[in-house]
Amino acid sequence: MKLEHYTNVPLEDVVMEGAKGAKIRWLIARKDGAPNFATRMFEVDPGGHTPFHSHSWEHQNYILEGEGALVTENGDKPFKPGDVIFVPPLMKHSYKNTGDSLMRFLCIIPIEQPTPVKKKNVNPFAKGVANNC
Ligand code: ZN
């Protein structure tokens, strides 16, 4: 188990291209023995943002502090402390600080990458397992 104050978890720069003034703390992750989920805390400076990107896994967010907006392909969606956000797989997104103070939020992700959708085999005999026709 782990019980620790978040300030004891290292604060690291988000180095991904497109990030500006964004830092991350991996609060609970694989390094702690967590098999399924990682809980991260992001800290974004005024004027900063995370990269505008998408991926095959979801985000579950809880806004802790500051003012911000979720940038989407359908415009910016403002958020405030206490708001929760669900970003489904493949949706383009970025979190930006729209206020004049630090913006912090939690972001929970699955640790294992989801299994890619397998293409159906169009030839049932290709693998030699079909027993009907
Ligand atoms: Zn993301």
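# Strand pairing, core and selected residues

User: Which residue in β3 is the bridge partner of Ile24?

Analyst: In this predicted model, β2 and β3 pair in the antiparallel sense over 7 bridges. Strand β2 covers 20–28 and β3 covers 37–49. In β3, the bridge partner of Ile24 is Phe42.

User: In β2, which residue is the bridge partner of Glu12?

Analyst: Strand β1, residues 12–13, runs antiparallel to β2 and is joined to it by 2 bridges. The two strands form a hairpin with 6 residues between them, and Gly18 in the turn has a positive phi of about 100°. The partner of Glu12 in β2 is Ile24.

User: What pattern does the protein chain follow when read along the sequence?

Analyst: The protein chain contains 0 helices and 9 strands. Read along the sequence, its pattern is β-β-β-β-β-β-β-β-β.

User: How many residues make up the largest nonpolar core?

Analyst: Buried residues account for 19% of the 133 residues in the protein chain. In soluble globular proteins, nonpolar side chains tend to be buried together. Here the largest nonpolar core includes Ala19, Ile24, Phe42, Tyr95 and Phe105, and the elements giving two or more residues to this core are β2, β3 and β9 (103–110). Its total number of residues is 11.

User: Is Cys107 buried, partly exposed or exposed?

Analyst: Cys107 lies in strand β9. A residue counts as buried when 20 or more other C-beta atoms lie within 10 Å of its own, and as exposed when there are 12 or fewer. Because Cys107 has 19 C-beta neighbours inside 10 Å, its class is partly exposed.

User: What is the C-alpha to C-alpha distance between Cys107 and Leu27?

Analyst: Beyond its neighbours within four places in sequence, Cys107 is in contact with Arg40, Phe42, His59 and Asn61. Leu27 is 80 residues from Cys107 in sequence, and in space their C-alpha atoms are separated by 9.9 Å.

User: How far apart in space are Arg40 and Ile109, C-alpha to C-alpha?

Analyst: Arg40 lies in strand β3 and is partly exposed because 19 other C-beta atoms lie within 10 Å. Its contacts, leaving aside neighbours within four places in sequence, are Ile24, Arg25, Trp26, Leu27 and Cys107. Arg40 and Ile109 are 69 residues apart in sequence, and the spatial distance is 8.2 Å.

Definitions and conventions:
Residues are numbered from 1 along each chain as its sequence is written. This is a predicted model: local features need pLDDT of at least 70, side-chain atom pairs count only at pLDDT 80 or more; totals for chains, interfaces and linings use all residues. Helices (H or I, at least four residues) and strands (E, at least two) are DSSP runs, numbered from the N terminus. A nonpolar core is a set of buried Ala, Val, Leu, Ile, Met, Phe, Trp, Tyr and Cys residues joined through C-beta atoms within 7 Å. Two residues are in contact if their C-beta atoms, placed from the backbone, lie within 7 Å. Two strands pair if DSSP finds at least two bridges between them.
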